[in-house]
Amino acid sequence: MNIDEYAATKEQVQVAGVDAPLRVMIISTVYQLKERIRNYVRDLLEKEGIRVDLVFLGAKSWEEVDPEGWEQVRNHPLLTLYTLDGAEHRHPLRRVERVIVLRAPEAVLSRATRLTERVGPLRPLQRPAKALENGHRRVAGAFHSRIYNKAYKLARPSVLAKLFGRRLADVDFRTVDRIVATDVYAVTLGWRLARKHPHLVATTALDRDLVALHEQLRAREDS
Amino acid sequence: MNSSRRDTRAPRILYLAFYFPPSRASGVYRARATANHLAARGWDVTVCAAPMSFLHDVIGSVDEELASTVDPRITVERPKLNHFAWERDLRKYSAFRARMPLVAQKLYQFNQRTLFPENYASWGRSAVARGLRLHTKRRFDVVLATGNPFASFAAAWAFHRLTGVPYVVDYRDSWTLDLFNDQPAFPDDHPAWKWERRVLRRAAGAVFVNEPLRRWHAERYPDVADRMMVVPNGWDADLMSPAGEAGVDPGITARPLRFGYLGTLTNSQPVEELAAAWIRARTYPELADAELNIHGHLGFFKGGRRDLANRLGLDLDSDGQLIDDPTTPDLGIHYRGPVSKTEVASVYEHNDVLVFLAGGGRYVTSGKIFEYMASGKPIVSVHAPGIAAQDVLDGYPLWFNADSLDVEAVANSMVEAGKVARGLTAEQRAVASRHAQGYTRDTLLVALEERLRAIAGRERITVSGQPAR
């Protein structure tokens with residue numbers, strides 16, 4: 001990725017107005033939102049009255065672990081949701097692996113097995129064909145979890161940054177004050193947004209009392 | 001090196017003390033006192049301490065007044081530290097870490113596993129490099145390393161391996177023993193054990209803050225037991241005038257009593273028990289309208305202040321100021337904020353009874369107890385029974401110990417201490433503070449200084465089979 005692509009323009013440097021309500025973008029890339037993140041979002045919305053943009057994989061990542069909490073928070077007027085809704089699963093890096101390692105060999109082998117069931121002279125090969133099919137499933141599974149997933153994890157921050165970047169294309173970042181990357185895979189996106197919008201506070205800390213904190217930061221900038 | 005020339009110049013020591021003024025970490029006072037003591041006795045002292053960026057950006061506070069109490073003859077070096085583990089600002093991430101965060105994290109963890117298992121390892125490496133540079137200009141005679149962090153021990157070991165300069169390790173804190181559970185702090189296969197064995201095997205001495213800690217280590221490392229010694233923490237006579245000089249407050253009979261805790265409040269302390277016992281004690285007429293003043297920092301780091309305040313029943317805003325909510329009942333608990341070490345004497349004088357709040361078990365002494373005793377005021381214990389601090393307090397005439405964390409029992413000792421505080425005489429204070437006279441830092445550091453001098457002079461250390469005391 002070319003760094004210059006994310007260099008800020010003069011207009012983007014414009015800091016959000018002092019009177020504008022505080023707006024925080026929280027990025028989480030985990031499949032199940034941890035309690036501390038859920039509590040953080042709720043505290044900002046309910047206790048501190050701050051606008052929150054939650055950038056996450058999808059509603060399931062909250063709903064599955066905390067259905068009640070999700071029901072209470074999902075329609076909160078200060079909350080905006082940005083989700084991938086399976087876009088990561090459909091990314092070429094994942095799709096190609098699935099086709100090459102799993103689907104294509106699986107299709108060939110299952111067709112071969114069916115042939116050995118239907119064609120008389122091939123019946124003696126039925127057992128070896130099934131064994132081959134099962135063997136492929138095991139090897140493909142092992143490859144996926146032990147090799148591919150480990151390698152993919154290394155590239156995942158960049159993949160997610162690109163996918164989420166498209167989802168966030170319409171966001172007016174001049175009205176956003178803070179970006180919070182809540183896990184290691186969210187770092188790349190947070191860092192890129194910080195480079196593109198220099199007025200943003202970009203952090204991994206789940207700080208509270210943000211209104212007072214940002215007032216202090218503004219006062220420090222003014223002085 | 002020519003031995004006669006060596007004898008004429010001041011012995012030179014490299015002191016590896018990560019927490020050193022203006023840090024206000026609880027362990028800093030021992031390091032300050034040790035460096036000052038050595039400088040006053042003619043040593044040429046060079047301290048390797050934490051970089052200022054760590055104190056400002058990570059810990060978030062410094063005590064500049066304390067820095068002014070460091071002997072000007074002491075040279076302070078501040079080797080670099082990698083902030084990887086503490087950095088929260090994404091803008092300060094390197095391009096590599098920002099683009100490949102998982103790879104960067106795994107590399108960092110690999111370093112921790114294979115090189116040294118501590119976030120401060122990079123500081124240890126920088127300290128060795130800095131030490132070598134200084135050593136080539138003028139030779140060090142001995143290295144003293146204080147932990148935590150224990151990267152200083154590893155640095156002393158590495159410096160010794162590279163230069164042959166002997167080293168002494170000062171266990172200001174415990175490394176492999178969890179003081180709060182009295183259990184080993186790491187699983188058996190953790191690299192910390194290998195490092196501790198390695199460090200102790202070649203150390204010319206190992207210093208502990210109390211006898212139970214020395215014994216625990218001597219049992220695990222019997223080959224090194226004859227090089228182990230105890231140097232308790234003590235109190236700083238240069239920062240605190242002895243009790244008795246101020247006499248007693250004549251107005252104490254006419255006003256509500258003031259109880260005080262001074263020190264950093266941490267999550268390991270029985271804070272809830274203190275608050276509950278206090279509320280109970282306040283129902284007694286002797287403690288009607290009494291106040292409990294909390295002086296010091298809430299936690300060591302910027303985060304977690306509010307949690308600690310909440311455990312005490314207090315609400316703090318983001319500036320650490322008390323939120324005055326008229327709808328909540330007045331518990332008489334007041335958070336008074338941080339106190340510079342140079343102002344502690346006035347805090348002790350202001351309060352009528354001192355609350356000794358300590359976490360952990362039988363290996364815990366707590367440096368604060370020596371100051372408490374020097375104040376000559378009644379002391380109420382709020383800690384688990386049997387902690388090492390009791391050995392120090394034993395014999396102090398104004399000590400009120402419930403020997404339990406039972407709320408009713410602690411409340412009763414608070415009431416008893418309050419009664420005694422009301423009728424306290426100047427003579428009683430003077431008698432009480434005499435108990436503390438044997439625990440001034442300078443008195444306690446004499447043995448360590450002698451040991452270091454013997455090591456630096458290459459004198460033969462008498463090995464009696466008994467620990468030096």
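Biologist: At what angle do helix 5 and helix 6 of chain A pack, and how far apart are their axes?
Modeller: Helix 5 (residues 92–118) and helix 6 (residues 126–167) of chain A pack at about 175°, with axes 9 Å apart. This is a predicted model, in which local features need pLDDT of at least 70, side-chain atom pairs count only at pLDDT 80 or more, and totals for chains, interfaces and linings use all residues. Residues are numbered from 1 along each chain as its sequence is written, with chains lettered from A in the order in which they are written.

Biologist: What makes helix 5 of chain A roughly antiparallel to helix 6 of chain A?
Modeller: The angle is about 175°, and angles over 145 degrees count as roughly antiparallel; therefore helix 5 of chain A is roughly antiparallel to helix 6 of chain A.

Biologist: Why are helix 11 and helix 16 of chain B called oblique?
Modeller: Helix 11 (residues 271–281) and helix 16 (residues 407–422) of chain B pack at about 60°. Angles under 35 degrees count as roughly parallel, over 145 as roughly antiparallel, 65 to 115 as roughly perpendicular and the rest as oblique, so helix 11 and helix 16 of chain B are oblique to each other.

Biologist: Which residues of helix 11 of chain B make the contact?
Modeller: E273(B), A276(B), A277(B), W278(B), R280(B) and A281(B); contact requires C-beta atoms, placed from the backbone, within 7 Å.

Biologist: How many residues does each chain give to the contact between chains A and B?
Modeller: Chain A gives 18 residues and chain B 15. Helix 7 of chain A gives the most to the side of chain A that touches chain B, with 5 residues.

Key. Axes are lines fitted to C-alpha atoms, for helices over the stretch in contact, and angles run from 0 to 180 degrees between N-to-C directions. Helices (H or I, at least four residues) and strands (E, at least two) are DSSP runs, numbered from the N terminus. Two residues are in contact if their C-beta atoms, placed from the backbone, lie within 7 Å.
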